[in-house]
Amino acid sequence: MILSIKNKTLVFILLIYFGSIPFIKSQNQSEDCFKTAADRPQLYLPLLKNKNVIVAANQTSLLNNKKHLVDFLVENNVKIKSIFAPEHGFRGTADAGEHVKNGTDSKTGLPIVSLYGDNKKPKPEYLKGADIILFDIQDVGVRFYTYISTLSYIMEAAAENNVQVIVLDRPNPHDGYTDGPMMRNEWKSFVGLHNVPVVYGLTIGEYGKMVNGENWLKNGATAKYTLIPMLNYHKQKRYGVSDKPSPNLPNDKSINLYPSLCFFEGTQVSVGRGTYLPFQIYGSPWTKDFQYQFTPKPTEGAKDPFLNGKLCFGENLSQYPEDLSKLNLEWILKSYKAYKNPAQDFFLKNLFFDKLAGSDELRKQIIAGKSEIEIRGSWKKELDQFEKIRQKYIVYPN
């Protein structure tokens, strides 16, 4: 009888132990579960209650179930005044640099205000009656990608008009490291508003904190700024994006190569706009030493691509295996050496290359035949200085 009781007790203990394993496992899965800020409505919906809200959004502003944030907010009776759309428009179909007009969202009937073209900074009349601007746009973590400039101008206008800014944070595909030359004041533009390196290693929400904290807004203004953080985000881990952030960054491969290949936009070399491999190939009619060939033609995301209809010789990087954690200068250095066109310089006359690089130093280093090691060495001091600033605004494990 005693043995029977002992056996029953042992069985009972084992049932409790093994029965708890699925629960423990489920808890661990929950703890490891990653969520963007948009998928944490319990943190932001209470802040929007009984407020007049402007939503800064585009095609990437999706919840995990692929529902658009604007539709989700409408379903939850949030009073949306209007939509602010960045470069490429609310649906993300406009070409790079294409003028995007104001309009109306066909699904919700909400007015859309374009923040690209002549109106990069919201005018006071667009903010009249608004309490909050809710910002949710997927960035790619590179200085010359314009969504951080749009956020900065929104913050500036909000500060001047006593409107709160709430940022729903999203992953940075180039997080956890910094690289590239620093922006100089005289070269600042919409593709580089602040003194940061090409790759700055912050999420867009952290970047906004830095802009505010370092008093980079006009006249030292400070925005009323709230960051809604992601859940279980790690800066060294790479997360897929909800949708392509712009027409010519269609996938993770393009995004991975973008910081290194975008310098070609200031040269006579195509980066594959007008092909099915944008920012995964590069080439020019005047670099015939390369074996790979392609011909840019009009596409949905490049209606009049650079070198349209011209046979280009270059390199196909679509199978490049490395998940880059630094800029690769090899491609532009060997293209410069291979370029043979006495009628045109390698660099465009408008010096757009210098705007992308942040100064004329990189262009002069390439012309002078400097090696990648020498060029990278010239960045170190300023990268070390920037790292001290960056560390102040890191929210997530690094």
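The count of salt bridges comes to 19, a salt bridge being a side-chain nitrogen of Lys or Arg within 4 Å of a carboxyl oxygen of Asp or Glu. This is a predicted model, in which local features need pLDDT of at least 70 and side-chain atom pairs count only at pLDDT 80 or more, while totals for chains, interfaces and linings use all residues. Residues are numbered from 1 along each chain as its sequence is written, and side-chain values use heavy atoms, with hydrogens and water left out.

**Salt bridges**

- D71 pairs with K107, with the closest N and O atoms 3.1 Å apart.
- D71 lies in helix α3 (residues 69-75) and K107 in the loop between β3 (103-104) and β4 (111-114), so the bridge ties together parts 36 residues apart in sequence; helices (H or I, at least four residues) and strands (E, at least two) are DSSP runs numbered from the N terminus.
- D71 is buried at 15% relative accessibility, whereas K107 is exposed at 61% (buried means under 20% relative accessible area, exposed over 50%, partly exposed in between; 1.4 Å probe, protein chains only).
- K235 and E206 form a salt bridge with their closest N and O atoms 2.6 Å apart.
- K235 has a relative accessible area of 0% and is buried; E206 is also buried, at 0%.

**Helix contact**

- Residues Y147, I148, L151, S152 and M155 of α5 meet I204, Y207, G208, V211 and N212 of α6, where contact means heavy atoms within 4.5 Å.
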